[in-house]
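Here's a quick walk through a protein model with a ligand in it. Have the viewer open and follow along.

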Amino acid sequence: MELSDRQEQIIEIVKKDGPITGENIADRLNLTRATLRPDLAILTMAGFLDARPRVGYFFTGKTGTELLTEKVKKFKVKEFQSIPVVVTENVSVYDAITTMFLEDVGTLFVTNNHSLLVGVLSRKDLIRASMGKQDLSEIPVHIIMTRMPNITVCEKEDLLIEAAQQLIEKQIDSLPVVIKKEEGLEVVGRITKTNMTKVLVNLVRDDL
Ligand code: ADP
């Protein structure tokens, strides 16, 4: 985050002479305690300073990058997941393509009649299936999908950064967010590269 000159000055004072009370910091800057209050609140919330009652402010020793890393490492899948777009395994490739356009997504998840995950359809899977001369409304998607158990999934309590690592390692665009049940996997969400891009933008926006 971008700190103001005054906030930088406060950090320098606390670094050098902390623990130090808000009153004393205000005196040093020739300001009132009330004027300083928002700056101290920002610096404490952002993690640069810590405050102990009756002792005062002290410097946490953490750099901006360390604080950012700590923040990102706490993000969970459930905070950023989107709604999944699902088709059943017997719909045709033609209908799956239509769904992909209508829902404006790049990946469809495929479920069986019990709503359990059985496969994934990406854009290229559908393009590949469209290259022959077959009638696309006659081919069910279960013929062409990537199928279980080869599906990489995540759960809503997983760390977002681990989901991001999976996207990179497996070279895929999205992960289904699932609830693991005895019968199989129930699809409850989706994490995509777009979600990851939004995280990046939000991190910067929070700072503005
Ligand atoms: P595209 O095909 O548009 O490049 P992806 O990179 O997501 O999209 O998909 C590449 C291949 O990986 C496809 O065959 C797809 O079925 C498969 N795939 C996509 N997502 C997953 C996943 N979560 N687990 C396993 N395989 C996947």
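## Ligand site

One thing to keep in mind from the start: this is a predicted model. So where does the ligand sit? You'll find the ligand in the second largest pocket. There are 14 residues around it, and the ones that come nearest are Ser122, Asp125, Thr146, Thr152 and Asp173.

Which parts of the fold each supply at least two residues of the shell around the ligand? Those would be strand E5 (117-122), helix H7 (123-129) and strand E7 (174-180). Sorted by class, the shell has six polar residues, four charged ones and four nonpolar ones.

For aspartate 125, a side-chain N or O atom is 2.4 Å from an oxygen atom of the ligand. Serine 122 has a side-chain N or O atom 2.6 Å from a ligand oxygen. Threonine 146 also puts a polar side-chain atom 2.6 Å from an oxygen atom of the ligand.

And how much of the ligand does the protein cover? On its own the ligand has 550 Å² of accessible area, and the protein covers 84% of that.

E5 and E6 run antiparallel and are joined by two bridges.

Zoom out and you get an open sheet of four strands, in the order E3-E4-E5-E6, with mixed pairing. Which strands are at the edges? Strand E3 (86-88) and strand E6 (146-147) are, each pairing on one side only.

## The hairpin

Next, look at strand E1 (residues 49-52) and strand E2 (residues 56-59). They run antiparallel, with four bridges joining them. Leucine 49 stands opposite phenylalanine 59 of E2.

E1 and E2 form a hairpin, and three residues lie between the two strands. In that turn, arginine 54 has a positive phi of about 65°.

As background, most residues other than glycine have a negative phi, and most peptide bonds are trans. That makes a few spots worth a look if you're checking backbone geometry.

Which residues does a cis peptide bond with omega of about -5° join? Glycine 18 and proline 19. Proline 19 is in the loop between helix H1 (5-17) and helix H2 (22-28). Another cis peptide bond runs from methionine 148 to proline 149, with omega near 5°. Proline 149 is in the loop between E6 and helix H8 (160-169).

On the phi side, asparagine 30 is not a glycine, yet has a positive phi of about 55°. You'll find asparagine 30 in the loop between H2 and helix H3 (33-45).

Terms used
Residues numbered from 1 in each chain as written. Predicted model: local features only at pLDDT ≥ 70, side-chain atom pairs only at ≥ 80, totals over all residues. Heavy atoms only, no water. Near = heavy atom within 4 Å. Polar contact = N/O pair within 3.5 Å; in protein donor to acceptor, adjacent residues only side chain to side chain. Areas by Shrake-Rupley, 256 points an atom, 1.4 Å probe, with all protein chains shown as cover. 1 Å grid on protein atoms, 1.4 Å probe; cavity = no way out; pocket = protein on both sides within 12 Å on 5 of 7 lines; lining within 4 Å. Sits in = over half its atoms within 2 Å of the grid points. Nonpolar A, V, L, I, M, F, W, Y, C, P; charged D, E, K, R; others polar. Pairing = 2+ DSSP bridges.
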